[in-house]
Amino acid sequence: MTKHLTAISFISRAIPVVVLAIGLRTASAETRIVLDDADSGRVFEGIGAISQGGTSRNMVDYPEKQKSEILDYMFKPKFGANLPHFKVEIGGGENGTCGSEPTHTLTREELANPVPRGFEFWLMAEARKRSPQVLLDCLPWSYPKNYIRSRITKTEVWCMLSGIYPGIGYSGVGLMEAQTPWSGYYEVWPATWTTAHTTQFADPGWRYMDQACAKIDPATWGGSYVTLRNPKTGDWSMIVCADKPVTLDVMVAGKLAKGDVHVWKSNEKIQFVEEKPLHLANSAFTVSLEGNSVYTLSTTTGQKKGAHPVPPPAADFPLPYKEDFESYTAGVIPKYLCDQKGSFETAKHADGKGLCLKQIVPKEGIAWGCPGGVPYTVFGDKLWTDYTIQADVLVTGGKVGIGGRFLYGQFLGWDFVLQQDGSWSVHAPHVANGQESVKSLATGKITDFTPEQWHHLAVSLKGEDMLVTVDGKEVTRVKYEGYANRKCGMAYLLSSYDPTCLDKLSVTP
């Protein structure tokens with residue numbers, strides 16, 4: 001019985017990484033290769049990508065033109081990465097790696113009428129719009145996956161693109177960058193074209209030729225090649241990862257195609273460039289390849305390095321920032337808010353007049369990373385230092401808070417938290433003996449506090465000083481030296497696992 005083995009590959013922007021999805025034998029020193037249609041290897045299932053853990057979050061907020069172009073580079077046939085397989089997260093309102101994605105069935109009542117929250121349903125539809133044959137898949141991110149190296153038939157790239165704020169964990173991982181929707185800027189990384197070296201030349205259903213899959217040097221995995229064939233037409237494609245200059249002597253046997261061999265090349269300086277074709281002589285050819293390069297040798301045609309117009313230049317997150325949520329319908333994730341735990345979406349005010357932001361997850365789910373903590377969502381720029389964040393809040397249960405200087409992790413930044421009974425506390429990250437924790441800077445209680453009413457919170461950060469006001473009245477003023485790594489960062493909102501509400505959000509320098 002044929003086994004179906006899947007690998008999860010992590011691809012960064014730094015270097016082109018070729019995904020050769022098969023266990024490799026050792027090549028002979030002469031690097032002589034025989035291609036034969038009688039060589040019946042396993043069925044190739046394609047190279048796919050994963051959108052999960054909030055990794056595509058910021059891409060969703062791009063202007064329509066740039067958003068469409070980004071998706072073309074991922075899914076449009078013979079244009080970019082040409083992904084034939086796409087897996088998404090079944091959200092659960094908990095941090096799945098780089099953020100939290102909402103669930104389509106929050107309550108038992110919603111099981112009868114699921115709600116298409118978030119953006120993964122939309123992403124799958126966009127993938128199918130560009131490539132109707134793309135295989136769609138999904139997974140609840142509470143189950144770990146393990147990497148299997150040998151005789152892999154399908155590879156999934158995690159993550160599809162870097163669509164999260166710079167500074168959040170794993171930012172910079174993926175096939176391309178789409179992090180700043182307010183500017184429209186995006187960047188197609190070399191990894192897209194390295195992926196295209198396989199996906200534009202071999203479709204799911206092709207077969208590996210095991211005797212034409214090997215390491216070039218027995219002592220290292222730096223150089224290798226894999227070869228696949230189309231069982232219907234006899235076309236074939238060989239993908240070579242050459243860490244050093246190498247000469248290959250290739251014999252084409254059996255009923256395999258023996259026409260011109262088309263050559264495509266990528267390295268640090270150029271990506272996905274077609275070179276002069278090779279011609280067979282007595283069903284054989286010899287080719288010399290440069291080192292530190294990826295090549296595809298193929299009898300297929302129609303490949304293309306797709307290109308859209310240059311996107312707008314990158315720009316900083318816009319300041320001052322204001323959001324009253326009135327431009328949305330209920331049940332939407334507002335622009336630029338990136339949930340890290342829990343789920344925040346627009347909702348109608350209790351009196352039906354206008355919209356606000358509401359935390360909707362009733363209790364902590366199964367955490368992928370670190371359990372514990374509270375729901376929170378972030379936005380802004382990791383380089384922000386001194387600024388004021390303000391919001392109206394309705395403490396319908398538990399607690400709600402606002403803060404700034406968030407960089408990463410569960411210890412958040414400098415914040416003010418208000419409890420339903422009027423108790424409050426101020427926190428900031430702290431390091432002792434190399435260990436990071438949360439330090440309580442001040443506590444107190446507001447007398448005659450009315451949780452059923454909206455209250456205006458403001459937190460001003462300037463150097464070592466933090467000023468907190470509630471409804472325009474100073475509540476506390478603290479001075480905290482902190483430490484160097486936590487004196488800048490994004491703004492954020494936090495809540496307990498209760499339906500707390502926030503409105504009239506703003507950040508000013």
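## A first look at this predicted model

Leucine 505 touches Tyr321, Lys322, Glu323, Phe325, Leu337, Phe379, Ile389, Gln390, Ala391 and Leu493, leaving out residues up to four places away in sequence. Keep in mind that this is a predicted model. Its chain has a mean pLDDT of 90, and 91% of the residues reach 70 or more.

**Nonpolar cores**

- The largest nonpolar core has 60 residues, and Leu505 is one of those touching the most other members, along with Tyr165, Val378, Phe379, Ile389, Phe416 and Leu502.
- Strand β32, residues 490-495, gives this core its largest share, with five residues.
- Another core lies apart from it and has 42 residues, including Tyr73, Ala178, Ala196 and Tyr208.
- As background, nonpolar side chains in soluble globular proteins tend to be buried together.

**Around serine 425**

- You'll find serine 425 in strand β27, which covers residues 423-432.
- With a relative accessible area of 13%, serine 425 counts as buried because that is under 20%.
- Its side chain makes a polar contact of 3.1 Å with the side chain of histidine 427.
- Beyond its neighbours within four places in sequence, serine 425 is in contact with Asp415, Phe416, Val417, Ala442 and Thr443.
- Phe416, in that list of contacts, is also one of the core residues that touch the most other members.

- Most residues other than glycine have a negative phi, and most peptide bonds are trans, so exceptions are worth a look.
- Tryptophan 158 and cysteine 159 are linked by a cis peptide bond, with omega near 0 degrees. Cysteine 159 sits in the loop between β7 (154-158) and β8 (176-180).
- The bond from leucine 319 to proline 320 is cis as well, with omega about -5 degrees. Proline 320 belongs to the loop between β18 (293-298) and β19 (321-323).
- Phenylalanine 272 isn't a glycine, yet its phi is positive, at about 55 degrees. This residue is in the loop between β15 (261-267) and β16 (273-278), and it is buried, at 2% relative accessible area.
- Phenylalanine 325 has a positive phi too, near 70 degrees. Its place is the loop between β19 and β20 (338-341), where it is buried at 0% relative accessibility, and Leu505 is in contact with it.

**Where to be careful**

- Residues 1-6 have pLDDT below 50, and the stretch has 18 contacts in the model beyond near neighbours in sequence.
- Residues 14-23 also have pLDDT below 50, with 33 such contacts.

Key:
Residues are numbered from 1 along each chain as its sequence is written. This is a predicted model: local features need pLDDT of at least 70, side-chain atom pairs count only at pLDDT 80 or more; totals for chains, interfaces and linings use all residues. Side-chain values use heavy atoms; hydrogens and water are left out. Helices (H or I, at least four residues) and strands (E, at least two) are DSSP runs, numbered from the N terminus. Buried means under 20% relative accessible area, exposed over 50%, partly exposed in between (1.4 Å probe, protein chains only). A polar contact is a pair of N or O atoms within 3.5 Å; within protein, one must be able to donate a hydrogen and the other to accept it, and residues adjacent in sequence count only if both atoms are side-chain atoms. Contact means heavy atoms within 4.5 Å. A nonpolar core is a set of buried Ala, Val, Leu, Ile, Met, Phe, Trp, Tyr and Cys residues joined through side-chain atoms within 4.5 Å. pLDDT is the predictor's confidence in each residue, from 0 to 100.
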